[in-house]
Amino acid sequence: MSAKQGGKGAAGGGGKAKKPAKAAEEKREDVLQAVILADSFQDRFRPFTLEKPRCLLPLANIPIIEYTLEFLASNGVQDVFIYCGAHSDDVEKFIKESPRWNHDSPICPFASVDFIRVSDATSIGDFMRDLDKRNVISSDFILVHSDVVANIPLDDALAKHRARREANRDACMTMVLRPTGQGQGPHRAAEARGITPVFVVEPSTGRCLQYEEMHPLQKEHYFKLDPSLFKHPEFEMRSDLIDTGIDICTPDVLALWSESFDYELPRKNFLHGVLKDWELNGKLFYTEILDKGYAARASNLRMYDCISRDVLERWTFPYVPDSNMVHDQSYRRVNEGSCVEDGVVIERQGTVRKSVIGRDSIVGSGTTVSRSVIGRRCKIGKNVRIEDSYIWDDAVIGDNSTVAYSILAASVVVGQGSHIPNGSLISYGVRIGDNVSLPKAQTQRISLLTEHGDSAQTDGSVVGRGGKGAFYRQIIDDEDNSDEDDDRDPAVLQNSLVYSLEGLNLSSSSISTFASHDSFDSDDEGPDAASYYPSDPDQRRSRLSSFASDDSAAAAAAKTDDAFHGDAVHGIVDALRAEDSDDFDGAKLEFMGLRLANNASDSSMRRAIAVAFVRRASELLSPEHGALEPTKAAENAFVSKNGAVKFIKEVGVGGDDVAQQAEFALALQKALHNTKGLEAGRAGVLLAAMLQQLYSLDVLEEEGILAWWGDKRAAETEDMTGIKEKCRVLVEWLENADEEESGEEDEDSD
Amino acid sequence: MAPSQAAYAPSLEKLLKSLKSKSLEASIEDLIFLLKRRQVSGDECANATAHMLLQVVARSKWHDVDQLLSRIQSTGSRLAQAAPHEPVIGNIVRRVLGLIRDEASEDRNADEFMSESVSDLQSLPPSAPSHTRPTGATPVRPALVPTATSLAVSKSMFNLLSAAETADSPMTGASTPISQAQPTSAHALRSEVIDGIEEIMDEISQADDQIAGFADIQVHPGDFILAMLPSPAVERFLLKAAAKRRFTALLASNGSYISAVGEAPYAALRKKLNAAGVNTVNLASNGLLAYMPRANKVIFGAKAVYQSGGLLVDSACCIAARAAQEYSKPVIVLSGVYKFCPFDPSEEVSKVDLGNPMTYVSYGDGPAVDALEVENAVAEYLPPELVDVYLTNLGPQTRDHLGSIISDHYKPEDMGLSLLINEA
């Protein structure tokens, strides 16, 4: 990891020669230093971050990094080091041109502001290791991300940290966390996190004992507690904490980073790893859980949304627009909780509620703006409706348009009578023609650039006549390690942020959508899975999160069921596919383990097994797997592996009871019904073949099959009936084979 | 390793300590951001402003009075702009401006006395406005600016004739291009103004004590004194009264009082009062009205007193004053004279600061955060008719006399300061 020496002090403008000063600095004990990580190596803010770094995106019309710097200044930080990755020129330029932060300026509250560029850094870990080599950190320092919005005073935390460090040299880091209230219902900031961090904390000392991350898409919905935890008299597992990304570190922390070269993320890798190896390194990490004050990171678009609203509602006080923290601002509060800057024109009958409007913007007559942020020099036409949206500088919105819950970047033009639906992300300079309604289906990302940063071919069907821009498709290939696309989040979750969470709108329903889709099969959604799909995609804010584990018990049960289903099906199908062995015991063991872990019900087990075997059988019908005849396919699916038949009989059917056998047959039918790419006729044939196969293998008895035949649920829909009809031959054969017993049932069935 | 135990967060105290090592501009900017971040607020503002203006006088380069005045004005309006919710800042700026004008005219008079070339015409116009009584006459403010300019014009015309002699006339408009400013007079003026500002600082720091000096007149034995949100001034007043009188103090807090861990509101004050033999009763916001019939007097501190007699007070004082009026109990407001604002509150009322909703609702309370819009007004306007006595460091006053106090302390030229804010 050879680190390039970066342009120091805003391209050498420092006047102070930094190199010789270094040695002296090491001895300056009482100077508070801070390190800002101005690149997160994520692409959650795409397409906006294609052109600008995240820390310069405006949040309530102020670049996010302003909040971070102001926070540091308010805590008396003297030396600031800014680590830049992507767009480092932009960040440097911003700081250099800022009248307040450029450290040549007499009014800069910091004694020094240094930029450090690491040319080949691919993660935060690289930054930290570079920092360790530079030897510029003399004592305790504050490590923050460049997207922190906070108003907390750190003095207490610093004092406590210092006291701990003096008592024990191994106490090397204090993390500032904020609770979102336990058991008080869902919290919007907690929902917006995306990933739920779980801190295992010793409540009396605040020592962090273990750190895990949970997210709704992971395979296991649990994590393992370290056995050594139980040596502590008490500990708490807290998933309600918001990680503010503010760490108070001693220089030892940097050494820890340097010790292992594979740590990339400060929490998931570093904290988790170091805590796990506590026996080896002996380092202690502490948490400072603050219930007063505000702190949060705009770590994704939903957090951006959440923090913007918090700013409007003054939770971030004094960092609110009418404090005019930034130099050339002149906001003042007007009626209805809004803040407007000088030169704003609101024409007659224009209504502005709980919004922020920047200088020289014009709001036309009859227009309603609510809970939104509008940048400078925007022109909003007549009779426009803007709700919950973030519109950056110089945007133009034509008459009679509507914009709902979207982000419109700088210089976006929206024509007259257009409709921008929930969750749209429209990047710089895009032009939407007149009378265009963007489709509501999923997140609309429209940009002038493609994912590789080239300019995109305008897609007239999207942006309308006279428009400019095209759909932006996120790179979702997590193996693609190109410079910025280096996200360490679980790949599935990252995809989900792209596709279903509507960018801004990571509502419970979209989460559930993913949970039920799980990995790669969409064919296994039982009717019950469909029931927690969003009923109304518009009622976004009232919905609760189902993954914050504070929901109703029913939803939680449905969730575990669903997770169990996906994992179980996957496991069995894999075992059936395996060509090098004919052993099924492993899969069976795994299945039973899953079942215990999730406390799955009999019916969900039955469903999972039916789906798994149906999938395997239908797979064998397809050309790439040999295009077997249905009979052959059914036989192959059941008997190719030792023990599979026994497994079905014992676990899938679960007994000799006629009702249970009928249930299993019904599950098979439903699974076939839901299998994609299999038309009803063929599905019916396959079902008949499978039932016959199971009959001949003594798994199902004729009573069971006939009971299924008579079951009303088997003929609920036309497709189901179609599948069922194909089995008539089999059923009749069964009836004939045993005429005396089947007499009564025959009458029922017709 | 011997880390300093000092806190890192900037504060007024630290700023004042570091004044010498920093450039003037950096200090001003530091104070502006301390104000914006509310790390300096309330009664500290007056002191901070005076300190900063003292620095401006002492350290900035100026050659004549006009330069000094404009520097003070620009710095002052920057400070006032940084905290529009603290009218006291503007008051101090006005006081300092008035002080400079006084010193300058004294100088000039002295000079005129010595030099024989006295132009009566010259001395008249500048002093004329200061003799007019602006009390209660609000339109004075806009009218004054033109007066000043016409004055400048007329003066420069005189200068045409009486060239060198007017060089020492510090009240000239900026138009006269006279470079041979007199270093001696500037030097003398500097030290005089610095002395004057120090006097103002003394006044600010002693105001609370002086107010407390009137305690035994206001508090009678056996009284029930209801102190709403006891400010430091009120605390001092009560303690002073406790030294001489036996009475009962009802200490009322609004719901937002957050104390150190586990302590009842105003515990320190209660301990001191009890030690002095005064019974105390703590009232939560609900209990206030129930105790009102029992109380003899209601006392609270003001953040600012307007020309009309209206007040800017901590929120919740208003309800106490209204209740007192219902029960015909006298309301006594404690306010140093430096808090008297020479203007009416019309535009100021809308500038009342909205604080952090966290005072009332925890941000951790998810459903509440989503469902509620919490407006935490940290201050509110109290109409003049609810106040009976204004207890200042100059003694108890009634509403009718506020005007004369204001005209004693401010120069009419400076009353329009708030209008100049945007020029900064």
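**Entry 1: an exposed residue**

I started at Gln349(A), which is exposed, with a relative accessible area of 68%. My notes on the term: buried means under 20% relative accessible area, exposed over 50%, and partly exposed in between, with a 1.4 Å probe and protein chains only. I found Gln349(A) in the loop between strand 17 (345-346) and strand 18 (351-353) of chain A. Helices (H or I, at least four residues) and strands (E, at least two) are DSSP runs, numbered from the N terminus. Phi of Gln349(A) is near 65 degrees, a positive value in a residue other than glycine.

Before going on, I noted that this is a predicted model, where local features need pLDDT of at least 70 and side-chain atom pairs count only at pLDDT 80 or more, while totals for chains, interfaces and linings use all residues. Residues are numbered from 1 along each chain as its sequence is written, chains are lettered from A and ligands numbered from 1 in the order in which they are written, and side-chain values use heavy atoms, with hydrogens and water left out.

Arg38(B) sits in the loop between helix 2 and helix 3 (44-59) of chain B. Is Arg38(B) buried or exposed? Arg38(B) is buried, with a relative accessible area of 19%.

I also checked Pro318(A), in the loop between helix 11 (301-312) and strand 15 (332-333) of chain A. The peptide bond leading from Phe317(A) to Pro318(A) is cis, with omega near 5 degrees. A reminder to myself: most residues other than glycine have a negative phi, and most peptide bonds are trans.

**Entry 2: a buried phenylalanine**

Phe48(A) belongs to the loop between strand 1 (33-37) and strand 2 (58-59) of chain A. At 0% relative accessibility, Phe48(A) counts as buried. I listed its contacts (heavy atoms within 4.5 Å). Setting aside neighbours within four places in sequence, the partners of Phe48(A) include Leu57(A), Leu301(A), Trp392(A) and Tyr428(A). I also looked at Arg445(A): its C-alpha atom is 9.6 Å from that of Phe48(A), although the two are 397 residues apart along the chain.

**Entry 3: salt bridges inside the chains**

My rule here is a side-chain nitrogen of Lys or Arg within 4 Å of a carboxyl oxygen of Asp or Glu. How many salt bridges are there over all chains? The search of the whole structure finds 39.

- Arg134(A) and Asp130(A) form one at 2.7 Å, N to O. Both lie in helix 5 (residues 124-134) of chain A, four residues apart, about one turn of the helix.
- Asp147(A) pairs with Arg297(A), and their closest N and O atoms are 3.0 Å apart. Asp147(A) is in the loop between strand 6 (141-145) and strand 7 (148-150) of chain A and Arg297(A) is in strand 14 (residues 295-297), so the pair ties together parts that are 150 residues apart in sequence. Asp147(A) and Arg297(A) are both buried.
- Glu203(B) meets Arg95(B) at 2.3 Å, N to O. Glu203(B) is in helix 8 (residues 183-212) of chain B and Arg95(B) in helix 5 (residues 87-114) of chain B, 108 residues apart. Glu203(B) is buried at 18% relative accessible area, and Arg95(B) is buried at 9%.

**Entry 4: where the chains touch**

I counted 38 residues of chain B in contact with 47 residues of chain A. The buried area between them is about 3800 Å², of which carbon and sulfur atoms give 53%. Buried area is the accessible area (1.4 Å probe) that two parts lose on being put together, summed over both.

There are four salt bridges between chain B and chain A. Glu373(B) forms a salt bridge with Lys354(A), with the closest N and O atoms 3.6 Å apart. On the chain B side, the elements that give two or more residues are helix 2 (24-36) and helix 15 (366-371). Which helix of chain B gives the most to this side? Helix 2 does, with five residues.

**Entry 5: chain B as a whole**

Finally, I counted 16 helices and 10 strands in chain B. Of its 424 residues, 52% count as buried.
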